[in-house]
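Please report on the model shown here. Cover its salt bridges, its domains and its cores.

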Amino acid sequence: MKILAIESSCDETACAVVEDGVKVLSNIVATQIAEHRLYGGVVPEIASRRHAENICGVVGAALEEADCTLSDIDAIAVTYAPGLIGALLVGISFAKGLAMSAGKPLVPVHHIAGHIAANYISHPDLKPPYLCLVVSGGHSHIVEVLDYTKYRVIGRTHDDAAGECFDKAARTLGYEYPGGRFIDEAAKLGDPEAYKLPHPKVQGREYDFSFSGLKTAVINLVHNAGQKGVEINRQDVAASFQKTMSEILVGKTMKAAQDLGYTTIGLAGGVSANSGVRGALREACEKRGFKLYMPELKYCGDNAAMIGCQGYFDYLAGKRADESLNGIATLSLDKLCEE
Ligand code: KG4
Ligand code: ZN
């Protein structure tokens, strides 16, 4: 079955056509990053307006690239939560219009479930249950993926998300928004042992994260050096930061896997593109004999192919929406299971 999927939860207007959950026939992403970069972060009002301008063209291009017309499509999937509400509503309204006018079923998809599903596209052999580390610009979770549509979040951040922390550290070092990938590039040329950075702990919640202490340590390091007139090596700071971040993320994921008896591990979200996190997780899993699955780089960031993939599993599970579907800015994966 062919699903047309729409994603507009943040600053990417995306549409894809996906066959039987894993065959990506087209995957169009129109990014607004260049415009938001001027402001150092995503401006919600601008995001909504650009989605409204781009969505017709993006959906048309996805159908064309897949060599399909709307009559070849069996269902429409759309991201409805979590995300920027105005941005979500553009995709949702467009998807509702398409579904109602063409008489196709409408499938509401959770954005983070979509990120997790990106793994199924590249690895059709991956099957739940497994443990997934989800690290994006807005979320840092350790998730038990109990089934294709059932999740238990066992670890979450108490402050910044991992991607947010990458971006703030990058900004402190003078890189443009979103700076995660610039840290990644700079880290390849730096010494990861040059600076000792803290591993913040969360009292009594061993799988939870806290990144504000790490973020502040980078800010203080750079500002103190500036005040003393000491030259700071950006590549060394980037490498030390990325190493510390990878140790925190991988350490907690491994602990959870061992405690709960998981031997299959997944990685998901925009930060899953980070070479340091990927390398550290690969090494830790190899050491323990765990099987590791990571999305292809093109499916790490926001895209609609992952929504089409998850939409397929949600469709099989009987999830449907009607014209009353609304966007939800914050919705935990746990809540999804209680629906
Ligand atoms: O999942 P995503 O595309 O959007 C959200 O759902 O939030 O994640 C975006 C985040 C940004 O913080 C971005 O800097 C980060 O993913 N990111 C990276 C890399 N590529 C993207 N962080 C570290 N290293 C990268 N290579
Ligand atoms: Zn995302």
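By about how many helical turns are Lys168 and Glu164 separated in helix H5 (residues 162-172)? About one, because Lys168 and Glu164 are 4 residues apart in that helix. Helices (H or I, at least four residues) and strands (E, at least two) are DSSP runs, numbered from the N terminus.

## Basis

This is a predicted model, in which local features need pLDDT of at least 70, side-chain atom pairs count only at pLDDT 80 or more, and totals for chains, interfaces and linings use all residues. Residues are numbered from 1 along each chain as its sequence is written, chains are lettered from A and ligands numbered from 1 in the order in which they are written, and side-chain values use heavy atoms, leaving out hydrogens and water.

## Salt bridges

The structure holds 16 salt bridges. The term means a side-chain nitrogen of Lys or Arg within 4 Å of a carboxyl oxygen of Asp or Glu. Lys168 and Glu164 form one, with their closest N and O atoms 3.5 Å apart. Lys168 is partly exposed at 24% relative accessibility; Glu164 is partly exposed at 28%. Here buried means under 20% relative accessible area, exposed over 50%, and partly exposed in between (1.4 Å probe, protein chains only). A salt-bridge network links Asp160, Glu164, Lys168 and Lys215.

Arg50 pairs with Glu35 at 2.7 Å, N to O. This pair joins distant parts of the chain: Arg50 sits in helix H2 (residues 44-65) and Glu35 in helix H1, 15 residues apart. Arg50 also forms a salt bridge with Glu53, where the closest N and O atoms are 3.0 Å apart. Glu53 and Arg50 share helix H2 and lie 3 residues apart, about one turn. Glu53 is exposed at 53% relative accessibility, whereas Arg50 is partly exposed at 23%.

## Two domains

The chain divides into domain 1 (2-116 + 300-338) and domain 2 (127-297). These bounds come from an automatic or database domain assignment. The domain centres, taken over C-alpha atoms, are 27 Å apart. The contact (heavy atoms within 4.5 Å) takes 22 residues from domain 1 and 28 residues from domain 2.

About 2000 Å² is buried between the domains, and carbon and sulfur atoms give 65% of it. Buried area is the accessible area (1.4 Å probe) that two parts lose on being put together, summed over both. Arg37, Ile116 and Cys300 supply 35% of what domain 1 buries against domain 2. The count of salt bridges between domain 1 and domain 2 is 2.

## Nonpolar cores

The largest nonpolar core has 63 residues, and Leu4, Ile6, Ile116 and Leu333 have the most contacts inside it. Such a core is a set of buried Ala, Val, Leu, Ile, Met, Phe, Trp, Tyr and Cys residues joined through side-chain atoms within 4.5 Å. Helix H4 (residues 111-122) gives the largest share, 7 residues. Both domain 1 and domain 2 contribute residues, so this core lies between them.

A second, separate core of 45 residues includes Val135, Ile142, Tyr207 and Val218.

## Two buried serines

Ser240 lies in helix H8 (residues 234-260). Ser240 is buried, at 1% relative accessible area. Its side chain reaches the backbone oxygen of Asp191 at 3.4 Å.

Ser272 lies in the loop between strand E9 (264-268) and helix H9 (275-288). Ser272 is buried too, at 0%. Beyond residues up to four places away in sequence, Ser272 touches Val135, Leu267, Arg278, Pro295 and Cys300.

Definitions and conventions: A polar contact is a pair of N or O atoms within 3.5 Å; within protein, one must be able to donate a hydrogen and the other to accept it, and residues adjacent in sequence count only if both atoms are side-chain atoms.
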